[in-house]
Amino acid sequence: MGFRILLYFGLLTFGWILSSKGFIHDNIMGKISKIQSLILFVLIFIMGIRVGMDEQVVSSIGQIGLKAFVFAFVTASLSVFFVHIARKKIIKDKNIAGGIND
Amino acid sequence: MTKKIMIVLIVGILSGLYLLPESVYENTGLMLDIGLCALLFFVGIDIGNNKSALKNLKTVGFKILIVPAATVIGSLVGGIICSIIFKMDVFASLAIASGLSWYTLSAIIITPISSELGAIAFLSNVFRELMAFICIPFIAKHIGYLETIAAGAAISMDTGLPIITKNTNDEVVIISFISGIILSLSVTALVPLFVGFINVL
C-alpha cells in the first residue's frame with residue numbers, strides 16, 4: 001500500500017509540476033477533460049469485468065446480497081450525512097463545499 | 001454522467017459474466033493500475049494548470065481533516081444501526097462497516113473469523129464502491145462536493161478519484177486524495193481492532 005500511495009502521489013505531483021511550469025502544450029491542455037473521461041470509462045468497464053468475473057461475489061450474491069446491500073447503503077448514506085452536517089458548520093468556502101450550502 | 005457510468009458498468013459486469021474468458025481476469029488488475037496511473041498524471045496536469053487551487057485550499061487548512069473524520073464516524077454509526085437491524089454482534093457489524101469500500105483488505109481480515117462475515121464484508125464493500133460510482137454525480141450536483149468523498153470513502157484516492165475529478169473541482173480532488181489516504185490507513189487499523197473484539201466474545 002505504501003508503494004502505491006507514493007506512486008500515485010508521485011504521478012500527481014509530476015503532472016502538477018509539468019503543467020505549472022508550462023511544459024504542457026496548449027493542444028493537450030484543451031483535450032485534458034476528454035482524455036480523463038475516456039480513461040474514466042475504461043476504468044469503470046474494467047471494474048465491471050472484475051466484478052462479473054469474481055466467483056466469490058457472484059456465488060454469494062444470492063445468499064447474503066440483501067444484507068450486504070443494506071450495509072453498503074446505510075454506511076455510505078450516513079457517511080455522506082455526517083460530512084454534510086460537518087461541512088455546513090465548519091467549511092463555508094463555496095468553491096470547496098460546492099452543491100447546496102444553505 | 002450517472003447514466004453513462006451505469007451503462008458502462010453494467011456492460012462491463014455482463015462481459016465479465018458471459019463473454020470474456022477467465023484468463024482476462026488476471027490482466028485486469030494491471031490494466032486498472034496502468035489506467036489509474038495515467039489518470040492521476042492527467043489530474044496532476046489539470047491541477048497544475050489551476051493556479052488558484054492551492055491558494056483556496058490554504059484558506060481552509062486543517063479543517064479539511066473533518067472530511068475523513070466524519071466519513072469514519074458515519075460508517076461506524078451505520079455499522080451499529082445494521083447490527084440492530086440484523087440482530088448481529090455489534091463488533092462484527094462494526095468490522096464490516098470499517099471496510100470503507102476497501103473490499104479486499106476487510107474481507108481478508110474478517111474471513112478467518114467467519115467466512116459468512118467475510119463474504120458480507122466483501123460484498124457490502126463492493127456494493128459501496130459501485131454505489132459511489134453511480135451516486136457521486138448526483139451527490140456533487142445536489143448535496144455538495146465534499147460529500148462525494150464520503151460516499152466511496154477509501155476509494156477516494158484511487159478508483160473513485162476519476163469520478164470525483166469529473167464532477168467537482170481541483171480543490172476537492174486534492175482533498176479527496178488526502179482523505180482517501182487517511183481513510184485507507186483507518187481501514188488497516190479499525191477492521192483488525194473490531195475483529196479482535198469478535199474474538200473475545
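A salt bridge is taken here as a side-chain nitrogen of Lys or Arg within 4 Å of a carboxyl oxygen of Asp or Glu. A search of the whole structure, over all chains, finds 1 salt bridge. Because Glu147(B) lies in helix 8 (residues 147-152) of chain B and Arg87(A) in helix 3 of chain A, the pair joins two chains; the closest N and O atoms of Glu147(B) and Arg87(A) are 2.8 Å apart. Helices are DSSP runs of H or I with at least four residues, numbered from the N terminus.

This is a predicted model, in which local features need pLDDT of at least 70 and side-chain atom pairs count only at pLDDT 80 or more, while totals for chains, interfaces and linings use all residues. Residues are numbered from 1 along each chain as its sequence is written, chains are lettered from A in the order in which they are written, and side-chain values use heavy atoms, without hydrogens and water.

The contact (heavy atoms within 4.5 Å) takes 104 residues from chain B and 71 residues from chain A. Helix 2 (residues 23-49) of chain B gives the most to the side of chain B that touches chain A, with 22 residues. Between the two chains the buried area, which is the accessible area (1.4 Å probe) lost on putting them together and summed over both, is about 7800 Å², with 80% given by carbon and sulfur atoms.

Helix 3 (residues 55-90) of chain A spans only 44 Å between its end C-alpha atoms, whereas a straight helix of 36 residues would span 52 Å at 1.5 Å a residue, the expected span being 1.5 Å times one less than the number of residues. Helix 3 of chain A bends by about 85 degrees at Ile64(A), where the bend is the angle between axes fitted to the seven residues ending there and the seven starting there.
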